[in-house]
Amino acid sequence: MTSEQIRRWKLALGDDDMEGLGERDRRLSQALSALYDGEGKKGRGGLGASSPKVSRWLGDIREFFPTPVVQVIQKDAFERLNLKALMMEPEFLETLEPDVHLVADLISLRGAMPEKTMETARTVVDKVVADLMKRLQSKTVEKLTGAVNRSKRTHRPRHADIDWPRTIRANLRHYQKDYNTVVPETLVGFARKTRTRADLDHVLLCVDQSGSMAPSVVYASIFAAVMASLPVLSTKLVCFDTSIVDLTEDLADPVQVLFGVQLGGGTDINAALAYCETKIDRPAKTHLVLITDLYEGGDADAMLARVAALKQSGVNVIVLLALSDDGRPSYDSRHAGAIAAMDCPVFACTPDQFPDLMATALTKQDIGQWASANGIELIRGSEP
């Protein structure tokens, strides 16, 4: 076995024998051992309840690993070593790598935070929100702008509404050979239609804010804020556990929305749907996106009956078992199958897929076909 292979095995296994490892490798091994070798090995592992020690450790893992790996290790540290108490300290909070999971932790802990820490927490949340808005906003706006009426044409379109293929065909006679281009004397574009509130599509995001759904709540809040900024949609955001909070009025400020969420507690989906019913006045124009793992703590039979009634009234009901990048979620398969049997699509979705999903829903295309084309597995219908 070569020296390089021995080195790699020592780093992978966390071997007690550091002989042959350089100073940087020793630090790398110690940083990983502090987290992953803490159980059952005397004298090994552990970060203790010391903010400076943890901060140095975070600095080490940032040096050794790229940001996505740092976020995974950081998440493991919170779960394995119960570091959440240290998040009450603003100096420690400033050292953390911001991500969706950190935002969820900050939201759940905000009631216990001192005012100084809250100021730092808001700064961290604002940074994550800004990054997510930059990543997700342009695609969402592009996909969901229903103001463009593609069935009508105009010869005085705005630049963003020019139909370039038709414009080029209409101006082929103006082709300039010397410049190898077409001079578009006549523009052909999509006509924008003025829509009253009665004409608008209504999107109602009903989001489970129990602890297991934390990343979904963060992403759903961001998307709700983006959609609320579009004058061609009417968007509402309702979050629930055993209580219900309507955050629609705060959608202009997604950071404020997130600090209005109450992560944790039980789940009463039936009560949340009952509240949503009171907010629906045009069922045929309403898309209800229920984001939950379907573990009902209230009246499950009433919940299923309410979904069936909403569907029967003309509401386009879509159930997302998760809106996150975390992989296949845990969910109540009996309830998922029962709702799928009502011809409601039930599946998990990543944030990058969500704009396409909503565009498919708003244009009344087959969501099942869309899911299949995107490699998404729909839950099969079954009797409750």
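This is a predicted model: local features need pLDDT of at least 70, side-chain atom pairs count only at pLDDT 80 or more; totals for chains, interfaces and linings use all residues.
View 1. Sorted by class, the lining of the second largest pocket comes out as ten nonpolar, eleven polar and eight charged residues.

**View 2. The largest cavity.** Rolling a probe the size of a water molecule over the atoms shows where empty space is left. The structure holds one cavity of 30 Å³ or more, and the volume of the largest cavity is about 50 Å³. Around the largest cavity sit His 202, Val 203, Leu 204, Lys 236, Lys 279, Ile 280, Asp 281 and Thr 286. Strand 5 (residues 201–208) supplies three residues, the largest share of this lining. Three nonpolar, two polar and three charged residues make up the lining of the largest cavity.

**View 3. Helix 11 against helix 12.** The axes of helix 11 (residues 269–277) and helix 12 come within 8 Å of each other, crossing at roughly 30 degrees. Angles under 35 degrees count as roughly parallel, so helix 11 and helix 12 are roughly parallel to each other. The crossing of helix 11 past helix 12 is left-handed. On the helix 11 side, Ile 269, Asn 270, Leu 273, Ala 274 and Glu 277 make the contact; on the helix 12 side, Ala 302, Met 303, Arg 306, Val 307 and Leu 310 do. By class, the contact of helix 11 with helix 12 has seven nonpolar residues, one polar and two charged.

**View 4. Helix 12 against helix 13.** Now follow helix 12 (residues 300–313) over to helix 13 (residues 333–340): the two pack at an angle of about 25 degrees, and their axes are 10 Å apart. That angle makes helix 12 roughly parallel to helix 13. Helix 12 goes past helix 13 in a right-handed crossing. Helix 12 brings Ala 300, Met 303, Leu 304 and Val 307 to the contact, while helix 13 brings Arg 334, His 335, Ala 338 and Ile 339. The contact of helix 12 with helix 13 splits into six nonpolar residues, one polar and one charged.

Methods:
Residues are numbered from 1 along each chain as its sequence is written. Side-chain values use heavy atoms; hydrogens and water are left out. Ala, Val, Leu, Ile, Met, Phe, Trp, Tyr, Cys and Pro count as nonpolar, Asp, Glu, Lys and Arg as charged, and the others, Gly among them, as polar. On a 1 Å grid over the protein atoms alone, a cavity is a set of points where a 1.4 Å probe fits but cannot get out, and a pocket is an open set with protein on both sides within 12 Å along at least five of seven lines; lining residues have an atom within 4 Å of a point. Grid points are joined across faces, edges and corners, and a volume is the space filled by probe spheres set on the points. Helices (H or I, at least four residues) and strands (E, at least two) are DSSP runs, numbered from the N terminus. Axes are lines fitted to C-alpha atoms, for helices over the stretch in contact, and angles run from 0 to 180 degrees between N-to-C directions. Angles under 35 degrees count as roughly parallel, over 145 as roughly antiparallel, 65 to 115 as roughly perpendicular and the rest as oblique. A crossing is left-handed if the near helix is turned anticlockwise from the far one by less than a right angle, and right-handed if clockwise. Contact means heavy atoms within 4.5 Å.
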